[in-house]
Amino acid sequence: MTVSTTYRTCPRSGLQFEDQAEKLIKINAFTAIVALLVGGILALGVVLTRWPAVHLLPADTFYMVLTAHGLDMLIYWMIFFEVAVMYFAASTLLRCRIATPRIAWAAYALMLVGAVINNIAIFQGESSVMMTSYVPMMAHWSFYLGLVVFAVGALVACGVFFGTLVVAQREKTYEGSMPLVTFGAMTAAIIAVFTLLSGAIILVPTLFMSWGLVDHVDPLAYRIIWWALGHSSQQINVAAHISIWYAVAAIVLGAKPMSERVSRGAFLLYILFLQLASAHHILADPGVSTEWKIVNTSYFMYFAVLASMIHALSVPGAMEVAQRNRGFNKGLFEWLRKAPWGNPVFSSIFISLVGFGFLGGITGVMMGTEQLNLLIHNTIYVPGHFHATVVIGTTLTFMGMTYFLVPVLFRREIINPGLAPIQPFLFGFAMYAFTIVMMGAGTLGVSRRHWDMAFTAMHWPMNGRAPPT
Amino acid sequence: MMGLVGITGVIAIIGGALFIYLVVGSLLWGKKLDGGKVSNTFVFLNRAAPSAPLQTYGSAGFVAPGTFALTMIFLLTFILYYFVNWKYLGQLWGLS
């Protein structure tokens with residue numbers, strides 16, 4: 001089938017952008033950055049309130065801000081950016097027109113409308129239920145509606161991605177197997193379908209409950225199914241950001257994976273086992289059996305950990321091989337010392353890779369062990385861990401990719417060339433320290449989420465109401 | 001410890017704000033760059049194009065001793081941290 005469109009060949013990267021795909025990648029990436037801005041402003045409110053010497057916000061505002069921070073960062077910033085990555089991996093890397101661009105625009109509109117409805121619901125103050133929104137604690141119905149509309153839009157975007165893969169194969173725009181980066185993005189998309197459907201399965205009945213159409217949603221069933229959305233959304237991120245690690249290794253250093261088959265096998269392990277790690281959130285739940293917890297969080301989760309360790313070896317290994325081919329052969333680490341640290345695309349990715357493995361990966365396995373989980377369950381250790389995976393791992397990687405996309409996709413030179421190389425180091429190392437002290441505080445027993453960790457205000461009336469007696 | 005969480009958190013947020021400034025600032029005020037050639041069809045990949053490694057596939061042998069050393073450091077850290085936490089648990093939770 002011939003479709004009228006145009007392809008732009010970027011003189012800086014050699015990549016070819018199909019007209020509609022280019023616009024869709026731009027709008028999704030830009031919306032993601034707006035969500036990051038909102039989430040970042042909210043982060044200031046969270047940090048300055050949990051800092052005991054400052055304790056900035058009153059309790060009700062704090063919980064509202066924390067709810068919005070979680071959703072804007074983990075859901076909206078990440079998934080808008082991932083849709084941009086999916087379109088890039090399918091259309092640009094396969095030199096293919098995007099399938100059904102009108103439907104892709106409709107998907108974007110649904111995602112945007114859903115995100116806005118959800119944010120409005122939170123900022124109206126009746127939906128400070130945290131990102132987890134456990135029933136029977138109810139938010140305003142528009143909170144759930146926004147999430148469901150967003151999820152439908154994101155599912156449609158995944159469909160457009162899969163459709164584009166089919167178009168590329170039919171129109172023979174590439175030879176042999178699809179590139180590894182596209183394969184990784186496909187992994188992310190498959191996990192996204194599982195994740196978003198899980199979200200729909202539990203949030204739709206909860207929406208009906210908020211309308212009074214359903215009188216009961218089982219809290220334990222909610223927790224189990226919700227975590228198939230909550231934790232798996234980070235698994236989309238992991239598959240996407242590891243794809244970007246491989247992409248940046250190729251872009252900046254011309255690196256090729258050390259063993260393509262092994263890397264692809266590791267992505268397949270993610271599809272099969274990574275979501276099961278969600279079970280570690282309910283390790284302290286009395287309603288599920290010990291056997292279920294142990295099978296999901298040890299035997300099955302270790303396959304996902306194995307996959308991550310394969311990538312952790314494969315990506316820097318590919319960079320090392322490429323650097324050694326350029327002549328940086330002295331000793332064990334000349335390849336690393338002479339890496340392009342002044343290029344924020346590279347430095348973001350490498351700082352992300354090391355922090356994700358050492359701070360996010362190791363602590364994730366520790367807290368995923370049933371017995372050890374008791375040490376830190378519901379403490380600030382948990383957000384310490386997931387800021388190492390979500391922020392150091394995914395956000396920093398997406399920042400690095402953005403530095404690549406600004407000149408290549410948006411056709412703009414980065415301003416302040418002296419500042420850009422510093423930013424990944426400032427942000428990355430501050431996040432290293434932030435997550436370490438959070439986990440330290442959690443090990444000492446500081447509760448997560450809590451406005452007043454010392455419970456000094458427990459005898460005060462809250463929101464004009466007396467505490468329960 | 002929570003004071004340190006506050007201080008490091010604020011520094012990280014400054015780092016994040018710097019990113020937003022650089023990206024949004026570049027989109028608004030960055031020098032416009034040449035968009036390149038536009039055609040009605042895609043062009044088959046030139047194997048010498050800068051994007052070639054990204055858009056093709058292939059394998060290299062295991063010749064990365066530095067990465068192997070880093071991986072060993074990682075595994076050692078992993079083992080130590082894991083057992084330190086079992087030690088914490090052992091101190092808190094007596095078996096008898």
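1. A salt bridge here is a side-chain nitrogen of Lys or Arg within 4 Å of a carboxyl oxygen of Asp or Glu. By this rule there are eight salt bridges over all chains. The model is a predicted one, and the values below are computed from it.

2. One of these pairs is A:Lys23 with A:Asp19, whose closest N and O atoms are 3.2 Å apart. That separation counts as a salt bridge because the cut-off is 4 Å. Both A:Lys23 and A:Asp19 belong to helix α1 of chain A, where they are four residues apart, about one turn of the helix. In general, side chains of opposite charge can pair when their charged atoms come close.

3. How many salt bridges are there between chain B and chain A? The count is zero. Polar contacts do occur there: 16 residue pairs, with both residues at pLDDT 80 or more, are in polar contact between chain B and chain A. On the chain B side, at least two residues each come from α1 (2–29), β1 (37–39), α2 (52–55) and α3 (65–92). The largest share of that side is supplied by α1(B), with 27 residues. By residue type, the side of chain B that touches chain A has 48 nonpolar, 25 polar and five charged residues.

4. The size of an interface is often given as the accessible area lost when the parts come together. For chain B and chain A, the buried area is about 7,700 Å², and carbon and sulfur atoms give 75% of it. The contact involves 100 residues from chain A and 78 residues from chain B.

5. Which residue of β1(B) is the bridge partner of A:Arg8? The partner is B:Val38.

6. Two backbone features deserve a look, both in one loop of chain A. Most residues other than glycine have a negative phi, and most peptide bonds are trans. The peptide bond from A:Val135 to A:Pro136, however, is cis, with omega near 5°. A:Pro136 sits in the loop between α3 (101–123) and α4 (141–170) of chain A. A:Ser133, which is not a glycine, has a positive phi, near 45°. A:Ser133 is likewise found in the loop between α3 and α4 of chain A.

Key
Residues numbered from 1 in each chain as written. Chains lettered and ligands numbered in written order. Predicted model: local features only at pLDDT ≥ 70, side-chain atom pairs only at ≥ 80, totals over all residues. Heavy atoms only, no water. Contact = heavy atoms within 4.5 Å. Buried area = accessible area lost by both parts, 1.4 Å probe. Polar contact = N/O pair within 3.5 Å; in protein donor to acceptor, adjacent residues only side chain to side chain. Nonpolar A, V, L, I, M, F, W, Y, C, P; charged D, E, K, R; others polar. Pairing = 2+ DSSP bridges.
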